[in-house]
Amino acid sequence: MGIVRLSAKAGIDEILDVLDQDAGLVIENILSKDDLSQINSELKPYLQNDIKGDNEFTGFKTKRVGALMARSPKCRELALNPLINAVSKKFLEPNSDGYQLHFTSAISIGPGETKQILHRDRGVWGGYIPRKIETQLSTVWAITDFTKENGGTQVVPGSHKWEKNRTPLSKEIEHVEMSAGSVFIYTGSVMHGGGENNSEESRLGVFLHYAPNWLRQEENQYLSCPPSIAKDLDPELRDLMGYCQGGYVLGFFTDPFNKDGNLESVSPKKIFGNSADKFSIQTPDKLVESSSNKN
Ligand SMILES: O=C(O)CCC(=O)C(=O)O
Ligand SMILES: [Fe+2]
C-alpha cells in the first residue's frame, strides 16, 4: 500500500485529503543542509548525555530531548512552518477555536533498539475523547535519513478508521522512509510506533505535535519554556505555545506577586506587554450563545 509522498509545493487540501484517507504522509525535502546542521549543533549538547529510556515504551536505547522551543532556535522555525500550521489549523478547526503546540521532542533511536509497540498518540488523554474528534496533528522532521533499517517510524495507513481492537497484519505495517530534511505528518488517531534500528547509526527525528487549544498539552510548555525564556521569542510562537487564552476565560492567570492590580485575572499575553487576547468576554448573551452552539 505504501505511504503517500508529496512535494513541498503540495496544497493544503491535497494534504488533508491524504490525511483523511491514510492519516499519514511524507512531504519531501523541505529543510536545507544548513538547517539540518544548525539543528544538529543545537541539539548536540543534550543528545550527548546518557539519557536512554527506562521502559519498553520509551525504549532502552532511545534518547528523548524536550524543551525544544527553549533550546533550539531552528526548531522554533520548524514549529512555525507556514504549511504545517495551515494544515494543523484546518485539520483541527472543526473541533476547536484554535490550536496549540502540544509536544516537542527530538527522538534519537540508537543502534540495536527494538520496535516500539504500535499505539495511537491520542491515548495520552486516557481514551476519554470521542473518536470523531481528531485530537492531534503531528510532525516528524527527519534530521537523519529515515530507513526501514535504522528505525524509520512504523505506521499503519488507514488505521485511524479501524475498530479500536483490530490488530494490523504485518503486511499492513509500513515504515516511514524519507531523506533528511523531509517531514512525516500523521494524526493522533493512526497506529504507529518507533521502528527497530538494525543499523550502526542513530535515527534522529524532531517531533512537533499540535492539538486543539482546549486540551491539556502533553509537554508542559510553561515549565519547559518558562516566561523568562519565552519573553525573547516571537509573539506568534508564544501564542502557539499557549501563552494566550484558549477560550474566553480559558487559561487566564494572576501574578501572585503583583500588588497593583495590573495582572489580576488576565491573559498570559499580558506578561509580555499589553496586546489584547483574541478571546475576551463579550456581552453575557453572546458568551452563552457561543458556549452552547457547538453540539
Ligand atoms: O520515534 C518514533 O519514530 C515514534 C515514537 C512514538 O511514536 C512515541 O514515542 O510516541
Ligand atoms: Fe507515538
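Me: Which domains does the domain assignment give for the protein?
Reply: The bounds come from an automatic or database domain assignment. The model is predicted, so that local features need pLDDT of at least 70 and side-chain atom pairs pLDDT 80 or more, while totals for chains, interfaces and linings use all residues. Residues are numbered from 1 along each chain as written, and chains are lettered from A and ligands numbered from 1 in the order written. The assignment gives domain 1 (4-212) and domain 2 (250-295).

Me: What distance separates the centres of domain 1 and domain 2?
Reply: The centres are taken over C-alpha atoms. Their separation is 33 Å.

Me: Which elements give two or more residues to the shell around ligand 1?
Reply: Around ligand 1 are Ile107, Ile109, Gln116, Asp121, Thr153, His192, Gly193 and Gly194, each with its C-beta atom, placed from the backbone, within 6 Å. Strands here are DSSP runs (E, at least two residues), numbered from the N terminus. The elements are strand S4 (99-109) and strand S9 (192-193).

Me: With which residues is Trp141 in contact, leaving aside its neighbours within four places in sequence?
Reply: Contact requires C-beta atoms, placed from the backbone, within 7 Å. By that criterion, the residues are Leu31, Leu78, Val183, Gly205 and Val206.

How values were computed
Helix = DSSP H or I, 4+ residues; strand = E, 2+ residues; numbered from the N terminus. Contact = placed C-beta atoms within 7 Å.
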